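Hi there,

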Amino acid sequence: MSGGGPAAAGRRAAEYRIEDLAHASGATVRTIRAYQDRGLLPTPERRGRANVYRDTHLSRLRQIADLLDRGYTLASIKELLDAWDTGRGLGGVLGLVAEVHGPWTDERADRVTRAELEERFGGRPDDEAIAEAVDLGVLERVPGRADEFLVPSPQELAVAVELFGAGVPLNAISGHLRELRGQVEQIASRFLEFTTEHVFARYLGHRPPTDADAAEAASMVRRLRPLAQQTVDAELARAMRTFATRHLEHHLTTEGPFTSDSAGPPPVSVPLPPETISAVESLVGRENAAAFIAAAAEREVQTRTLDSLAASHAKNNKVDQVN
């Protein structure tokens, strides 16, 4: 870094050679040049045979690194930065990015040693189980500490400890977690599709969104953040109460093994008016009438469920406005 002494440094902005900029930013010289070629960095000042960079270049490199860490591509980053450079603002967009990538739980990560893990899980070393837990993200290795792990969700680890203590093998616990994770990811995806369609489409209809729309969307994320977990918690509690009761009744009154099919409610006969059945048969044929009626009933249930969710969301909005 050039400067000419403390007094000069106080009067002038810092200047960097490309090697100094690479050291300060953590990027390589090759990466910096590649960013210049793609238009991600402002053109440096040419002084003799050397390029001179300033703090604006260092700040831009840190913004790019942060967005890359959050999963954005260089192409999408360029769109955001171009919007900022043309005066459309980036503060709201970066606020939205930070809000979405922020914690979705109040739980705090913890650390655990290898010895503590072995004590909780039977007192025997199990390299395969450790590797499986790392692969699942239940544990994360700490660089330079082979005997210590980061635990992103202590609650999840505590559940595994309780299940193991109840006699469930570790491979069964990891297999169950993989299956459960896939199902939960489907729920999360559906919730995001639902809220995007009914809430966020008006903010994110143009790319990149305006600074004001992005800031309002970030505020909406904060409001809606707990709703997914609250809904899943309530529905899981309802389902556990229902299925646990049926499960117990099944084992107390029958000899056969309990299955997911046996957990369902018994079929209920619903009489339909003869004229309705006749109309359906004339429309799709007698052999297809039963399937048609079942599909129509299922579609009606799904429609009423979505209408109920939308009505609940509208009611919550009214309560928020009153408060």
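Let me start with a pair of strands: S1 and strand S3 (residues 50–54) run antiparallel to each other and are joined over two bridges. Strands here, like helices, are DSSP runs numbered from the N terminus, with at least two residues (E) for a strand and at least four (H or I) for a helix. Two strands pair if DSSP finds at least two bridges between them. Tyrosine 16 has tyrosine 53 of S3 as its bridge partner, and glutamate 15 has arginine 54 of S3.

Before I go further, a word on what you are looking at. This is a predicted model, in which local features need pLDDT of at least 70 and side-chain atom pairs count only at pLDDT 80 or more, while totals for chains, interfaces and linings use all residues. Residues are numbered from 1 along each chain as its sequence is written, and side-chain values use heavy atoms, with hydrogens and water left out.

**Overall picture**

The protein has 13 helices and six strands. Of its 323 residues, 24% are buried; buried means under 20% relative accessible area, exposed means over 50%, and partly exposed lies in between (1.4 Å probe, protein chains only). Among contacts with a separation of 6 or more, 54% are between residues 24 or more positions apart. A contact means heavy atoms within 4.5 Å.

**The three-stranded sheet**

S1 and S3 belong to an open sheet of three strands, ordered S1-S3-S2, with antiparallel pairing. S1 and S2 are the edge strands, each pairing on one side only. On the S2 side, S2 and S3 pair antiparallel over three bridges, and arginine 47 stands opposite alanine 50 in S3. The hairpin of S2 and S3 has two residues between the strands, and glycine 48 in that hairpin takes a positive phi near 70°.

**Salt bridges**

How many salt bridges does a search of the whole structure find? The count is twelve, where a salt bridge is a side-chain nitrogen of Lys or Arg within 4 Å of a carboxyl oxygen of Asp or Glu.

One of them joins the side chains of glutamate 15 and arginine 47, at 3.0 Å from N to O. This pair links distant parts of the chain, with glutamate 15 in strand S1 (residues 15–16) and arginine 47 in strand S2 (residues 45–47), 32 residues apart. Glutamate 15 counts as buried, at 6% relative accessibility, whereas arginine 47 is partly exposed at 39%.

Glutamate 148 has two arginine partners to look at. With arginine 111, the closest N and O atoms are 3.5 Å apart. With arginine 145, the N to O distance is 3.0 Å. Glutamate 148 is buried at 12% relative accessibility; arginine 111 is partly exposed at 45%, and arginine 145 is partly exposed at 42%.

**Helix H2 and its surroundings**

Helix H2 (residues 18–25) packs against helix H3 (residues 29–37) at an angle of about 105°, with the axes 9 Å apart. The axes are lines fitted to C-alpha atoms, for helices over the stretch in contact, and the angles run from 0 to 180 degrees between N-to-C directions. H2 is therefore roughly perpendicular to H3, a label that covers 65 to 115 degrees (under 35 is roughly parallel, over 145 roughly antiparallel and the rest oblique). H2 contributes Ile18, Glu19, Leu21, Ala22 and Ser25 to the contact, and H3 contributes Val29, Ile32 and Arg33.

The buried residues of H2 are Ile18, Asp20, Leu21 and Ala22. Their cover includes S1, H3, S3 and helix H4 (55–69). Serine 25, also in H2, touches Ile32, Leu58 and Leu61, leaving aside residues up to four places away in sequence. Serine 25 also lies 8.4 Å from serine 59, C-alpha to C-alpha, although the two are 34 residues apart in sequence. After H2 comes glycine 26, with a positive phi near 85°.

Happy browsing, and do write back with any questions!

Best wishes
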